[in-house]
Every structure is written in structure tokens, then in C-alpha cells.
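Biologist: Please go through one part of this model closely, and give the cut-offs as you use them.

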Amino acid sequence: MPERKRGSWAKRAAPWTIGLIALGVGVIVLRWAVFDATFGPLDPRACEGGTGACWALVREKSSLLLFGLYPPGELWRPTAVIALAALLTALWWRTVSRVRPLLAATFVIAAAMPLLMSGAGVLSPVSTDRWGGLALTVLLILGAAAVGIPAGILLALGRQSTLPIVRSAASAYVETVRALPLVAILIAISFLLPLLLPNGWTVDKLLRAVLGIGLFNAAYYAEAVRGGLLTVSLEQYRAAAALGMSRSLTLRTVVLPQALRRSIPAIVNTTVGVLKDTSLVVLIGLVDLVGGGRAAVADLRWRGHPLEIYVVLATAFVAIAIVFSRLGRNWEFTSEGRH
Amino acid sequence: MTAVAETSPELAARPSKRVRSGRRARTAVRELDALWPTSARRAFVSQALFVAVLVVVVSLATGTLLTNLARLGIRHDPGLLSQPAGFDIGETPIAYTQSDSYGRALLVGLVNTVRAAVASIFVATTLGVAWGIWRLSRDRLMRRMSGGLVDIVRGAPVLIIMFAIYGVLAQLPGPRGASPDRLGILWTSRGVYLPEIADVPPWSAAMLSASVAVLVILAWRRLPRFWMLAALLASLSLLLCGATGVSLSVPRRVGFQVEGGYALSAEFFAVVAAVGVSASAFMAELVRGAVEGVSLGQTEAALSLGLRRWQVLRLIVAPQAFRVLLPPATSLYLDIVKGTALGVAVGYADLVSVGATILGQTSQVLVIVSLFAAAYLALNLSIVFGLRLLAPYLSRHA
């Protein structure tokens, strides 16, 4: 900017002032988090009277945060689930050119996770109400995406249908869902679903949460996919029609592959929203990462350190969200470079 | 292009995008129809099929719903809303007792939702605009710092921020052991008490409102020397207030209670702080995108015409940026309204929380869920139309 050198001394001093303030805040945070903090023995008395953070609490509760109430002897299974999730992220991070094998690998890995957690008849069975912690959060994200993305694609196609009734039904669904808070939908589903099923049928609490978050986010996924569909130019439809291709063939082989690929960044962004939405499952009684944190804060022996737990939880969510949005940006650049 | 635009705020902020994509979608539908014409009979058959499937699914679900309701002894009750509620509500901005009706209880919840939403929108807008200006700083370090903070706040779920604030407030001493801080604010486990202006004498009140009215008219007519007049009127009103005596009501503790001041319950504070701060990070990015969307050439042209930097911002950049900002800011405000429903988690008595209590007592799912839908739809529409009415005045040159 050409203005730079004309600034008065006050203008030039401003960054330094703000920098100093930031430094001060940084020192306070560091003193709390590092210098005055208690890392030491896993004993509530060690933290008494301290002015810094009590990380001993987090250390003692780490299993609760990561795995919830999963049987202690079987902890390798949720650990493996978390490791698989990391592997999946790494795959999506690296592979930006070959989509088909990537999708196949994703399906296999994602399907392996719930089987691993439940035992699948081979390992000792663990019911879903013992699943928890970060492992449950991972499963919720994958489950909600598995429900939401196909439903979202159908809704987006429905909104482009030439049949007016189908089009307005899809639009009505998307607009209604987007007007309501997820909390209200989760509460409504947990009351409504048992009533909608014949007597004696029950739907697992975890499945309810997955369906609730998935169907809610289907409306947002639909918007992401619709954005991708709009990028496919009408000339391509015309060219396909000129080649004598049928409408569904055009959709399957020409339009959708391009549209979906281009909507991957938006889909990833919506998935960051799903990640944040999973925190709401505590409200219907699941013990996910946030639920584990709530349980840790409620421990009477350790009364008085809510901030430590929530800082750790927020850090975990922020880290995953940042990785996801970088990943989305990777795909954005490649799809830009391709055409 | 559009897929990319979804992810980067500066592109997503284009004002005509929604209009353009809507038109584009309609042309696409028409084009598809022209390329692969659907015969009227076929269109009728497939739509009839679609409707038939919907009807079958809905009637099956309704059938099981009705049998289940009958089995559980829950009858659909049209008079539900006039029955006595019989439960207490933590925060009642309008008069309410246990013997009031369910309808009254839901109204209390709705008022609480509106209170939290208005306060959160205020926090998000003021903090977000300031943050956005910080994002636009010409200093790279400043930009990095503000951007990093945006990433952190946007990544953290609102619920965790809310739990953290509420948890920290709960650790504070109760009203009995609390003492006000330097600004006179009393922080207790029960809530936050702010000093408030009390007992404004009628003369000062009249003078204050008159000067506000004059200022609004002046701003409207865009008279010169606006700021001088504003300062003059402000100091006159202050003088008058000082002369006639305005008392400040500072919160102080009396026994186990707090007297005086303006009380914000811990729940309300946690909801507004969490939703407001979280939304302000999104607002900051919207503001940055909108301002950066105004082309640099315009700034340079205005500067070369001899306008001051402040004038350029006020006369050239702000009105244009505002027009770009309005559509995404509207949808952010809608998100804020929906976000206040998270208050359920800390026991804030908003619409969803009161509705859930009634659901637990009566299981009248359909009534309550349709009330939720109607209430949020009404709130959303009033925001959309309110902003649309306001827009022409706000985007005028300040």
C-alpha cells in the first residue's frame, strides 16, 4: 500500500502496542498452561491451591476421553478405530487424483470400524451403549456422512428434476430442515422414533443419533452437491444428447462424476459442520468425546477444573477441523488445476 | 467455480450468486426437458408413483404412531396448550407461575429464545466487525494473529465453548462471597451483574431522547458538520444529566442476595457469550471477504481524487461492501437464532428446552414439533424481512 509511509507515529505504534498486548496475553496463558501447571501425580490433592492448570486430571481421564466406557480389556479395538480414522485422513490427504480406489478403500475402512467396535461375532461382543469417547465421535462422523451424503445427492438431483412434485418435495425438505436447529430435531427424533415403530421394535440410541445428524446434514450436503451440479455446463448435456445418450446414462457417466468431484471441497466443509454437530449427542445421552469430558468434569474427587478438560476437548475439535479444511483446500486446488 | 465458491468466503460473498444460481438451475431444468422430453403421460405416471410411495410411507408411519399412542394411553389433545403446566421455569422475563398454561410456558421459552438471539446477534455483529477490521490490518503479523484466532474459534463446537464458560462461572463464589471488579461488575456462580443507569430524571430523559432524534434526522439528511453537532449535543446532554443527577445502580450483595444492577443469569451469559463469540469469528471472515471484494482500483481512484483514507472507507468501500455482506450475514443471523437452542445443554429455558419438558410430560410430539417449526420459521422470516427493509438505509453513504 502506498499509504504506508505517510502514517503518523500513532499509526506506526499501533501494531507494536497490539503486539505487546498479545505478548502479555501469551505470557499469562503460558504461565497457566505450562509454568504454574500441575502435571504430576494423578491425585486431586496435588492440584489443590495451585494457580495453574491441572493437567493431572486430564491424564487420569484420558481413557474416558478417548474410549468412553469401553471394556478396559478390549481397548485395542477403539484404539484401532482411531488409528484407522487417521489412516483414512492420510489417504484423502495424499491421493487427490485416483478417486475410485480411494472411495473403495474408504468404504472398506469405514465398514471395518463399527464391526471392530461391536465384535461382529468374532471378537467378544460390546454393546453400543459402552462405545464412547473420541472413537465414538469418529464413528458418528462417518455414520452421519454415510447417511447424509447419499441422501444429499438424491435431494440435489431431486431439486433438479423436471417433475414439479419431486422438485418441490426435495426443496421443501431442504428448506424446512435448514430452518430448524439440530437440537430440536435430535430431541424430536428421540421421542418420535420409538412411536413410529411397531411395538417391541427399538432403535439403538447411537443409530438414532447417526440418523438424526445424517438426515439433518443431508440438506446441507444437498446444497454442496447442487453447487457442483451447477458447474457442469449445459453444452455437455447437449453434447451427450447429440451422441444419442439417454438421460440417466448422461447423468451417471457425464454429469455426476464431474459434479461430485467439484463438490468435494464443499462436502468436506459440510463434514467439518458434521464434526461440530456430533458434540450435540451428549444431549441425548451418548458419551462421545464431549460426553467423556462432561463425565470427567462431574467427578467429585477432582472438583474444580472444568477449563482444563474443555480446553483439551476444544483443541481436539479444532485440530480435526483444521486438518479437514486443509484437506478440502487440497482438493480445491487439484480440481481447479484439472480444467 | 461454484464448488470453489462454497469454500472460500470472499467468493461465496458475491451478492448475486444466489439469484444467478437459481436462474441457472431453472434454465438447466428447462434445457433438460428440451433435450430429453418427458411425455405428459410418463411424467404423470412417475409423479403419481412418487406421491403414492410417499402416501404409503406416511400412512404406515401414522398408523403405527396412532396405535402406539393408543397403547401408551396418549390421546391427541387439542386443548393441550391451555392445560396447566405445573413446572417451574428458571428464567421468566414475562410473568409465569406453575399454574399457568403450557401455552404460557412456551411463550416464556420463545421470549427467552428471542432475548438470547438478539443479544447474541448484537455481540456477533459488534465483535465480528471489529475482528473483521483487525483481519484487514495492513500489518502481516496482525493478519496472521487475527486469522489464527478465527481458525481456532471456528473449529471449536459452540457447545464446548458454552460448557467451558458455564463451568468456569460455576466455579466462582456465590453472591455471598463475591466482590465487584474494577468496572463494578459482580461475577458470581449465579450470574453476572452489571451496573446500570437507574432513576433518570424526566428532564434528562427528554433531553437525551430529543438529541438522539435530532442526530438521527441529521444523519438521515446528511448535513455537514455532523460530528461537531453530535459532540455538542452529547456534551449538553451529559451536562444536563450531571446537573439533575443520574444515579448509577451498582450491584452489591445484601446477605445471600445481590441487589441493584442488571442481572444476567449464568445460563443466559453462557449461551450469549458462546454463540456470540463463535458467530463473530464467522462474521469477521464475512466482513473481510466483503471489503476485499470491493476492487482495489476504486480505493486507488478515490485516493487519487484526494479523499482521505477514512473518507474512502466511509463513502466508497463501506456502502459497496455492505451490499455484498448482507446476504451471508443474514444467513449467519439465522444460524445464530438456531444456535441459541444449544442453551438446552446448560439449562437455559429457551423454546426448545420448555418444549422438551412438555414433551417429557405429555408425549404430544406432533404438536410440539410443529410449534418448533412454526416458531423458528417465524423468527427466520422476521430476520430476513427485517434486514431486507433495513438494507437500503444501511447501504447508503454514511
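Modeller: Axes are lines fitted to C-alpha atoms, for helices over the stretch in contact (heavy atoms within 4.5 Å), with angles from 0 to 180 degrees between N-to-C directions. The model is predicted: local features need pLDDT of at least 70 and side-chain atom pairs pLDDT 80 or more, while totals for chains, interfaces and linings use all residues. Residues are numbered from 1 along each chain, chains are lettered from A and ligands numbered from 1 in the order written, and side-chain values use heavy atoms, without hydrogens or water.

Helix 10 of chain B (residues 266-293) lies across strand 1, strand 2 and strand 7 of chain B, at about 75 degrees to strand 7. Helices (H or I, at least four residues) and strands (E, at least two) are DSSP runs, numbered from the N terminus. The three strands form an open antiparallel sheet in chain B, ordered 1-2-7. Strand 1 (186-187) and strand 7 (262-265) of chain B each have a single partner strand, so one side of each lacks a neighbour in the sheet. Strand 2 of chain B (191-194) joins strand 7 through 4 antiparallel bridges; pairing requires at least two DSSP bridges. B:Gly191 has B:Ser265 of strand 7 as its bridge partner.

As for the contact of chain B with chain A, 67 residues of chain B and 74 residues of chain A take part. A:Arg326 and B:Asp151 form a salt bridge at 4.0 Å, N to O (Lys or Arg side-chain nitrogen within 4 Å of an Asp or Glu carboxyl oxygen). Among the helices of chain B that supply at least two residues to the side touching chain A are helix 6 (140-155) and helix 12 (309-339). Helix 4 of chain B gives the most to that side, 11 residues.
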